[in-house]
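Biologist: Before I rely on any label in this model, I would like to hear what each one rests on. Could you take me through them?

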Amino acid sequence: MINKQEKKFENFRKDMVEKQIIARGINDQLVINAMNKVPRHLFVSEVFTASAYGDFPLPIGEEQTISQPYIIAEMTQALELKGNERVLEIGTGSGYQAAILAEIVFKVYTIERNNTLFMKTRKLFDQLKYHNIVTKYSDGTKGWEQEAPFDAIIVTAGGTKIPSPLIDQLAPGGQLVMPVGSDSIQELIKIYKDNDDIKTINLGACRFVKLIGEYGWKE
Ligand code: SAH
């Protein structure tokens, strides 16, 4: 039995997907299904529950933010996922992006450098039974060497360049997306790796919090 409250959020979600995602050109059905399914309101703090499906980013504590739904959809679509991939995410934050990926792919590896967010989100993944998400408390700019290579990599914080360990840990035929630019404005960059050849596509302007670490901004 779906209670009234859940039905309300389900309707908010449908509305979000139609007006913010499909109407703006996202057409990957796997991405659309995932955005229709993941309960975004459970990933934001309680004070923002009512506005969780709005067309904007929201604070998640520790001076970090969960991206606007459209950006999440755009970045996920850019990874061109089919379902059997192992994906690495840098910047777990609220866990929403990882949950979207977990609905689509075989396994998600996600790294967070902030211990408070790391602990809180790991608990949420357990509660929501996302058993195909593995978490790590570490500096994600160095990647996750033991589990590499990854079929796709998504970086959800911005830096001046793509950390070289991440390019090394991307499997041939795989894609990586990351906001690249200054601390105030970035461009969403997608790279496609084909053996030694790397193609770069610019998906447009965006704004993310800083990627902090050895191959990112200094603290
Ligand atoms: N994907 C998240 C977005 C969170 S904001 C979501 O869906 O909610 C970006 C996150 O990146 C923050 O939680 C921040 O602490 C984290 N971060 C910044 N630099 C990092 C690094 N070097 N390694 C891992 N996480 C990092």
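Modeller: Let us begin with the cap of a helix.

Biologist: What makes Asn 114 a cap of the N-terminal end of α5?

Modeller: A side-chain oxygen of Asn 114 lies 3.0 Å from the backbone nitrogen of Thr 116, and a polar contact is a pair of N or O atoms within 3.5 Å, where within protein one must be able to donate a hydrogen and the other to accept it, and residues adjacent in sequence count only if both atoms are side-chain atoms. This is a predicted model, in which local features need pLDDT of at least 70 and side-chain atom pairs count only at pLDDT 80 or more, while totals for chains, interfaces and linings use all residues. Residues are numbered from 1 along each chain as its sequence is written, and side-chain values use heavy atoms, with hydrogens and water left out.

Biologist: Which residues of α5 are buried, and why are they said to line one face of the helix?

Modeller: Leu 117, Phe 118, Thr 121, Leu 124 and Phe 125 are buried, that is, under 20% relative accessible area, with exposed meaning over 50% and partly exposed in between (1.4 Å probe, protein chains only). Seen down the axis of α5, these buried residues fall within an arc of 135°, so they line one face; the arc is that of the directions from the helix axis to the C-beta atoms. On the other side of α5, Lys 120, Lys 123, Asp 126 and Gln 127 are exposed.

Biologist: How do you know that β7 is mostly covered?

Modeller: Nine of the 12 residues of β7 (residues 170-181) are buried.

Biologist: What makes β7 and β8 a pair?

Modeller: Two strands pair if DSSP finds at least two bridges between them, and seven bridges join β7 to β8, which run antiparallel.

Note on methods: Helix = DSSP H or I, 4+ residues; strand = E, 2+ residues; numbered from the N terminus.
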